Amino acid sequence: MDDKGTQRYGYGRAGTDPPSAPPGAGSPVPRPTVPPPMPAKAPPASALEIWLRTPRAADAPGIYGFGHTPRPKPDPHRLPARRLLGGAVLSLLVGLLVWSMFRDGYFTFWIWPAIWITPDHWRSGSGGDTNAFNAVTRIWAWVCTLALAWICARVGNWGQVWRRFVTPSLRKLVDEPETPAAAAETGVPDLVEWPELRAAQRHALADRLTAEVRTGRMNDVDYTRIRRAWSDALADPGRLHAFTDGVLREGGQACGHPSGARDVPHRAAPHDLLTRQVRIGRGVEDDRNPYQHRGSGIALDPTLLGTGLLVVGPSGSGKTRQVVRPVTEALCLQALAGQAAVVVVGVDGADLGPADAFDVVISLADPASRYDLDLYGTDDPDAAAGTLAEALIDPHGAGSGDVRRAASALSQILGPFLTARGRFPAVSELRELLDGTPHAFAGLRDALDAAGAPAMVRELNARERQTSQRGDIGPLLADRVSLLDRSAFAGFFDVTGRTRPFSMRALEHPVRVRIDLPRHGHTEAARILVRLVLAQFTAAAVARRDRSLFACLVLDDAAHTVTPESVRGFARLRSANAGVVMALRTLDDVPEELRTALLGAMGCRMAMSGVTTWDGKRFAEAWGTTWVETRDITRSPDQSGGLPRRLSRGVRKVFTGEAVTTESVTVREVERERWSASDLAHAVPAGHAVVSLTATTGEHAPPILVDLRG
């Protein structure tokens, strides 16, 4: 048996010795075994144990909760650190100076109260004891010293200095890492011990999985996947037996992903699968940022992506490397944990992760591609006609408002063809029918007559009559379909049944799909395919019966993709546990009449550094205004005082060349843009972005300046 099987079933465990031979004739008498000494300390915790026991806290949307300590709300009366420490040191020095002057006898009035309350013979020394007076004097001196210290502490804010600087330092020195016993005492469940299983009296399963965690044979994906499987088993009791049997046999490898993968080949960003977050940067210490996000990690998760994420920035601003790639990687990890399904679309060679991180890689226009794409995505001819019409009509081109006419024309072809042939037409066949080729209509009509479908014959005849009319949309659709009828796409979009093209109906399973578009040439065809994938995803995600998986579509380049139908579809994705991530170089790639609607439909909006003022204006309008405190300073010539003061001002003006002025400060609250178009275009440093976040629960965060390299 191999080593893997040995570890799985417990044979050949490390540290076990072979049984000794029984003592035979002439064999030495075995000496009694000595028990091994107790270990000096507990074995070191595994990386997964440390990860599970790290506290998590997120006091606002978008904060990376792993190891985060919430910041206290800023006090408007809080003194700056330099001013606070300077005042404390100054009060201490003044107090020492006054105390030393009293001690050296420069001031004697401090002893008067002691003289007033003591008899005269205590001080005369004749017939009395001066020791009593000396004791009273010492006590009074201590009282005066304490009073002086109290006054200096009040003036110098020593208590605030202690709370802000001394107490945190002492706490860091005294605090120790939290142990399981300490966690149990505080009432926090120890995730290493699998409290969900123990609460259900599944102690054998919990013990097996706890051993997997402590020995390092389980990673964070395994832990999250098994927790997900346990929750599914509780929802469907019929799965409990299979879950129990799998955990007892396979331990941390139980309930595996169909691909057999337990992690992605390489992680480019920090992930926390317990909270399903991926860290994309750090909030900048800026007054315009909410106080919770200043200096905190900024992360994205399905509750934020479920409202949609729009990323706008020029080429080289880091959209793919710093935003799209981490989000894609997080969704792939969640798919391995049985929590998500992801479809990623980008040009061939884009930095979207290695091919081994995906289950299906469709390289369109590459003859070596192992997988194909379903052109229709459904068995319903009307639904297929709607998605195909949305893809073929260019929102920037002529006939952009003819989606309904196009869907009607396609439906008149797809329905009869499916009835006659039992399948949808291939690209070349669809092109011929849209062009109005007579022999194509004749052959299809004969097949319908043979199938006995008079209703479909009428549909086909109506389409044929329309082809001869002026202004028919068929030739326009045929020209758009001809972009897919190229030698580069030969072998793709198979409808004969010889292959099984990928369909969006697979979103009910935790699939990881990447679609690579041709990098050079076929630009219009690539845009048609992106619009097709977006339309199919929107329709399939909403039509899913099982919405327990978070489905997400990631578009690395969404230029010329947004249509009125897609914008309306984004709003329906929130309730379907799905979302879309779109990256654009500029909002000019979206039709002008849809730009405002797109920003309104996307709950999360990100403006990268280098956006134009025109794009910045759209973001500024979407983010609205806020009330800020402004200070207006008015300077006027100083005319006060008599002759000596005027003479001094005249001398000062001769030497400095500036007239003496007085200043009046007016403080008021005004309503201003959170981020102006000029600030977004010129004040965002390289490697930074301004992002606003909205969760599916309704929580939202105002625009945050994020350092994507932090």
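**Overall architecture and local features of the predicted model**

The protein chain has a mean pLDDT of 86, and 90% of its residues reach 70 or more; pLDDT is the predictor's confidence in each residue, from 0 to 100. The model is predicted, so that local features need pLDDT of at least 70 and side-chain atom pairs count only at pLDDT 80 or more, whereas totals for chains, interfaces and linings use all residues. Residues are numbered from 1 along each chain as its sequence is written, and side-chain values use heavy atoms, with hydrogens and water left out. Over residues 1-30 pLDDT stays under 50, and the model has 12 contacts beyond four places in sequence for this segment, a contact being heavy atoms within 4.5 Å. Where pLDDT is low, the predicted coordinates should not be read in detail.

The protein chain contains 26 helices and 14 strands. These elements are DSSP runs numbered from the N terminus, with helices (H or I) of at least four residues and strands (E) of at least two. The radius of gyration of the protein chain is 38 Å, while a compact globule of 710 residues would have a value near 27 Å; the radius is taken over C-alpha atoms, and the globule rule is 2.2 Å times the number of residues to the power 0.38. Along the principal axes, the C-alpha atoms fill a box of roughly 145 × 120 × 40 Å. Of the 710 residues, 43% are buried, where buried means under 20% relative accessible area, exposed over 50%, and partly exposed in between (1.4 Å probe, protein chains only). The accessible surface of the protein chain comes to about 38000 Å², and 55% of this area belongs to carbon and sulfur atoms. Accessible areas come from the Shrake-Rupley method with a 1.4 Å probe; for residues, only the protein chains shown count as cover. Among contacts between residues at least 6 apart in sequence, 73% join residues at least 24 apart.

Individual buried positions illustrate such contacts. A701, in strand β14 (residues 700-707), is buried at 4% relative accessibility. Not counting residues up to four places away in sequence, A701 touches P61, H293, S692 and L693. S363 lies in strand β6 (residues 360-363) and is buried, with a relative accessible area of 14%; leaving aside neighbours within four places in sequence, S363 is in contact with S369, F492 and D516. T586 occupies the loop between β9 (578-584) and α23 (592-601). T586 is also buried, with a relative accessible area of 18%, and touches V312 and D615 when residues up to four places away in sequence are not counted.

Side chains of opposite charge can pair when their charged atoms come close. A search of the whole structure finds 41 salt bridges, each defined as a side-chain nitrogen of Lys or Arg within 4 Å of a carboxyl oxygen of Asp or Glu. In the pair formed by E196 and R227, the closest N and O atoms are 2.9 Å apart. This pair links distant parts of the chain, with E196 in helix α9 and R227 in helix α11 (residues 220-235), 31 residues apart. Both partners are partly exposed, E196 at 26% relative accessibility and R227 at 29%. A further salt bridge joins R480 to E524, with the closest N and O atoms 3.6 Å apart. R480 lies in helix α20 (residues 474-482) and E524 in helix α21, so the pair ties together parts that are 44 residues apart in sequence. R480 is buried at 13% relative accessibility, whereas E524 is partly exposed at 27%. Salt bridges that share partners also join E49, R53, D190, E193, R198, D207 and R214 into one network.

On the surface, Y106, F107, F109, W112, W116 and I117 form a nonpolar patch with about 770 Å² of accessible area together. Patches are made of residues with over 30% relative accessible area and no salt bridge; like charges are joined within 9 Å, and nonpolar side chains (Val, Leu, Ile, Met, Phe, Trp, Tyr) within 5 Å.

Most residues other than glycine have a negative phi. H522, however, has a positive phi near 60° and is found in the loop between β7 (512-517) and α21 (523-543). H560 likewise has a positive phi, of about 55°, and lies in the loop between β8 (550-555) and α22 (564-573). H522 is partly exposed at 32% relative accessibility, whereas H560 is buried at 14%.
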